[in-house]
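Okay, everyone, thanks for coming.

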Amino acid sequence: MQKNSNPKKNSTHLELLKLGKIFFKEKKFFDFYSKHKKSSFEAIKNINLKIEKNTFVSIIGPSGCGKSTLLNLIAGLQAPTSGKIIIDGLAIKGPGPDRGVIFQNYALMPWLTTIQNIEFALNTVFPEKTKPDIKERAINYLRMVGLEKASNKFPKELSGGMKQRVAIARALSINPNMLLMDEPFGALDALTRSYLQEELLSIWRKNKVTVVLITHSIEEALLLSDKIILMSSGPSATISEEISVDLERPRDRQNIEQDPKYLKIKMRLEKHLLRETRAVEEVT
Amino acid sequence: MNKVISKRLTFVVTILSLLIFIIFWQIIAQQGLLVKNFPGSYKTINALIWWVSDPFFDNGPNDLGIGFNLLISLRRVLIGYSLAVLVAIPLGVLMGMSKLAQSSLNPYVQLLKPVSPLAWLPVGLFVFRNSEITGIFVIFITSIWPTLINTAFGVASINPDYLRVSKSLGASKSITIRRVILPAIMPNILAGMRISMGTAWLVIVAAEMLLGTGIGYFIWNEWNNLSLENIFVAIIIIGFTGFILDQFFGFLQDKFDYSI
Ligand SMILES: Nc1ncnc2c1ncn2[C@@H]1O[C@H](COP(=O)(O)OP(=O)(O)O)[C@@H](O)[C@H]1O
Ligand SMILES: [Mg+2]
């Protein structure tokens, strides 16, 4: 485990420098004659951010503001129009196995069993590893999320929560040091969601990873994060505030609501979200 | 309990309707209600039994057992169809993945797709000077479009999440095609292959009337013999074979149905 050999905290893991993304519309034949010149859309603009190693960061903002866009840029799935993404001191050029991505809709391949889904990731990232090695590693990660018994089941036989656990196991199996999650629990019922939140926390504690979590739930952000990033409404969304959550861990989800510190931050977040959402609703 | 009864009921109803049909057919034919000398069900069933009980005899090209004729047709369809699928799938993937390939190939596809494949028959005869190869060629042209179009559509409408997973892992283009795109579009490919097979089986009968040998030629030959009951025998056998082929693809489609 090489990443444990350098447990220097407070070193920057991820840095975003003047990051911007403009979506250019494809020019169709008839657009040539049309008077509308609006052929591009600036989703995010001038994003500057520093994230320390092994911290848990949540990004929150009104829907449609560009959270997914930002995460895709960090994952290397899309190229920024301007600015830089620096990881461990180096500007990234594309996706890489140092980052594990977890999507809202689980994104499991339906023609593969749960273990095969993980093996696909392992085979792709570690082509030099032998079949038995890959299999053993896949089983270990399934066990970590408590699903080794479901290893030969197909995704359609699993509940939403189980599918997301497989997706988490897949993302972790390639041993990334950063987990990028796009509203991973948004589609789950409340009980499953809190169960998976706890599981994520324990994985985060054990695996020493930096987590960037996109969420629209203020409670989720408060319960899990060290730092909460607030985004303004789009278009040309940017970071409007960074809030440190200095609540003690482990956080007790039953009694945390009585903590005045918790309530203070929560109110601040609610105010911000209300203001930004109003901005969105009044424009459209 | 209810399900068992309804299943048995549908079986009984099916048999009953078949019996009623056969009886009416016989009555109508016997009374000469349609035209004179129209073969009744009794004569047709007897002919069917005669042909099926000895399907493999060979007394020259105009007196061939129906089993041989069926095998000749199936062989032409299978060769032409397999070649078409081998061309259509890679070409469809290419068209689905690349805008350039799409815009350069699509005009030909759109122009040629609505043309009856029989129009290619003289072209085939002129080029190949061989009726066997021409038959295969016509089936090839017939089979290519549905599989090609379905494959291209499948690639273009693939769930972007799968591609994002693949990309985020740093998978190469070749791994993405083989391990993500092809399995993801299997339902589309099979749907296309099913339509291709259905059309190929329709077209082979018509093509063979002009080519000699095969089940289509059998029909043409029996028309020259004015033996309508033998034509009905061929229709029944063609229909049954087409049904089996279609069921086979239905079975494959169920196997590759990923939906919940
Ligand atoms: N590929 C794209 N092409 C054009 N516009 C896009 C594209 N992806 C996202 N957008 C636009 O960018 C904005 C931000 O989208 P997104 O990042 O998905 O928001 P969020 O995840 O915060 O809800 C939206 O207005 C969306 O319509
Ligand atoms: Mg989003």
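So, chain A has 7 helices and 10 strands, where helices (H or I, at least four residues) and strands (E, at least two) are DSSP runs numbered from the N terminus. Its radius of gyration, taken over C-alpha atoms, is 20 Å, close to the 19 Å from the globule rule for 284 residues, so chain A is as compact as a globular protein of that length. That rule is 2.2 Å times the number of residues to the power 0.38.

Quick housekeeping: this is a predicted model, so local features need pLDDT of at least 70 and side-chain atom pairs pLDDT 80 or more, while totals for chains, interfaces and linings use all residues. Residues are numbered from 1 along each chain as its sequence is written, chains are lettered from A and ligands numbered from 1 in the order written, and side-chain values use heavy atoms, without hydrogens and water.

Of those 284 residues in chain A, 50% count as buried, meaning under 20% relative accessible area with a 1.4 Å probe, protein chains only.

Now, what surrounds ligand 1? The shell includes A:F23, A:F41, A:G64 and A:T69, counting residues with a heavy atom within 4 Å. α1(A) gives the most, with 3 residues.

And the polar contacts, that is, N or O pairs within 3.5 Å? A polar side-chain atom of A:S68 sits 2.7 Å from a ligand 1 oxygen, a polar backbone atom of A:K67 is 2.8 Å from one, and for a backbone N or O of A:C65 the distance is 3.3 Å.

How values were computed
Polar contact = N/O pair within 3.5 Å; in protein donor to acceptor, adjacent residues only side chain to side chain.
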